[in-house]
Amino acid sequence: MIIVSSCLAGMKVRYNGTDCLNPGIQRLLDNQQAVTVCPELLGGFSTPREPAEIIGGNGRDVLEGRARVIDRTGNDVTAMYIEGAYAALEQARSLSATLVVLKENSPSCGSSMIYNGEFAGVKVPGEGVTSALLRLHGIEVISEEQLAARLPELEATNRPSQRNEAAGAADSRIHN
């Protein structure tokens, strides 16, 4: 099973109440190959909410207590980001997820880029809290940008109907 960021599936759960609908993600959902997750909502945030950025490092630094997640008004929201990351990890484990596609640049979901912590719109290499935690537990995490190159392979190999047809064909060979 593939897990995808809820905002990429068209759900209006981003900090500003918008989505980032991705047509490839929509196809995976339509084909029952993916389910959605929003670590920030799982951590207790509502929509809309103040934007937040990691101060002093990246997602792994947050998990190790060396960096914090602060919202634009100065509130420390680190605990909610960590709680959401662990809830997303539990969901990934319960579904035996093979791949997680998360929204790039987010302090939770960024897989290769995050904002620099100055609320100036400057992106830097790094990963968000959820991406870091999932990777620490051996789960593959990619961004919606990286998904484009993998989509043909994923659509061809993970369709439930194809898996069922293959199983049915094998069953008929065994019983005939």
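Trainee: Quick one to start. What relative accessibility does Asp76 have?
Mentor: This is a predicted model. In it, Asp76 sits at 41% relative accessibility and counts as partly exposed.

Trainee: Which residue does Asp76 form a salt bridge with?
Mentor: Arg68. The closest N and O atoms of that pair are 2.8 Å apart. Arg68 is partly exposed too, at a relative accessible area of 38%.

Trainee: How many salt bridges turn up in the whole structure?
Mentor: The search finds 12. One of them joins Asp61 and Arg66, with the closest N and O atoms 2.5 Å apart.

Trainee: And Asp61, is it buried or exposed?
Mentor: Buried, at 14% relative accessibility. The cut-off for buried is under 20%, so Asp61 falls inside it.

Trainee: What about Glu153? Which residue is its salt-bridge partner?
Mentor: Arg150. The closest N and O atoms there are 3.7 Å apart. The cut-off is 4 Å, so the pair counts as a salt bridge.

Trainee: How far apart are Glu153 and Arg150 in helix 6?
Mentor: They are 3 residues apart, which means a separation of about one helical turn. Glu153 is partly exposed at 44%. Arg150 is partly exposed at 22%.

Trainee: Where does the kink in helix 6 lie?
Mentor: At Arg150, shortly before the proline Pro152. The angle is about 65 degrees. Arg150 also carries the salt bridge to Glu153.

Trainee: What caps the N-terminal end of helix 6?
Mentor: Ser143 does. One of its side-chain oxygens lies 3.2 Å from the backbone nitrogen of Glu145.

Trainee: Which residues of helix 6 are buried?
Mentor: Glu144, Leu147, Leu151, Leu154 and Glu155.

Trainee: New topic, the largest nonpolar core. Which members touch the most others?
Mentor: Ile54, Val69, Tyr81, Val100, Val129 and Leu134, out of 24 residues. Elements giving two or more residues are strand 3 (52-55), helix 4 (78-94), strand 5 (99-102) and helix 5 (129-136). Helix 4 gives the most, with 5 residues. Apart from this core lies another, of 16 residues, including Ile2, Val13, Leu99 and Leu154. Leu154 is also one of the buried residues in helix 6.

Trainee: What does Val69 contact, beyond four places in sequence?
Mentor: The list includes Ala52, Ile54, Val62, Asp76, Thr78, Tyr81, Pro107 and Val129.

Trainee: And Thr78, where does it lie?
Mentor: In helix 4. Thr78 is buried, with a relative accessible area of 2%. Not counting residues up to four places away, it touches Val62, Arg68 and Val69. Arg68 is the salt-bridge partner of Asp76.

Trainee: Which loop holds Ser108?
Mentor: The one between strand 5 and strand 6 (113-115). Ser108 is buried, at 1%. Leaving out residues up to four places away, its contacts include Pro39, Glu40, Tyr81 and Val129.

Trainee: And Phe45, what does it touch outside its sequence neighbours?
Mentor: Glu40, Val77, Met80 and Tyr81, skipping residues up to four places away. Phe45 lies in the loop between helix 2 (39-42) and strand 3. It is buried, with a relative accessible area of 13%. Its C-alpha is 9.0 Å from that of Gly84, 39 residues away along the chain.

Trainee: Last one. How many helices and strands does the chain have?
Mentor: 7 helices and 8 strands. The chain has 176 residues, and 44% of them count as buried. Of the contacts with a separation of 6 or more, 61% are between residues 24 or more positions apart.

Technical notes:
Residues are numbered from 1 along each chain as its sequence is written. This is a predicted model: local features need pLDDT of at least 70, side-chain atom pairs count only at pLDDT 80 or more; totals for chains, interfaces and linings use all residues. Side-chain values use heavy atoms; hydrogens and water are left out. A nonpolar core is a set of buried Ala, Val, Leu, Ile, Met, Phe, Trp, Tyr and Cys residues joined through side-chain atoms within 4.5 Å. Buried means under 20% relative accessible area, exposed over 50%, partly exposed in between (1.4 Å probe, protein chains only). Helices (H or I, at least four residues) and strands (E, at least two) are DSSP runs, numbered from the N terminus. Contact means heavy atoms within 4.5 Å. The bend at a residue is the angle between axes fitted to the seven residues ending there and the seven starting there. A polar contact is a pair of N or O atoms within 3.5 Å; within protein, one must be able to donate a hydrogen and the other to accept it, and residues adjacent in sequence count only if both atoms are side-chain atoms. A salt bridge is a side-chain nitrogen of Lys or Arg within 4 Å of a carboxyl oxygen of Asp or Glu.
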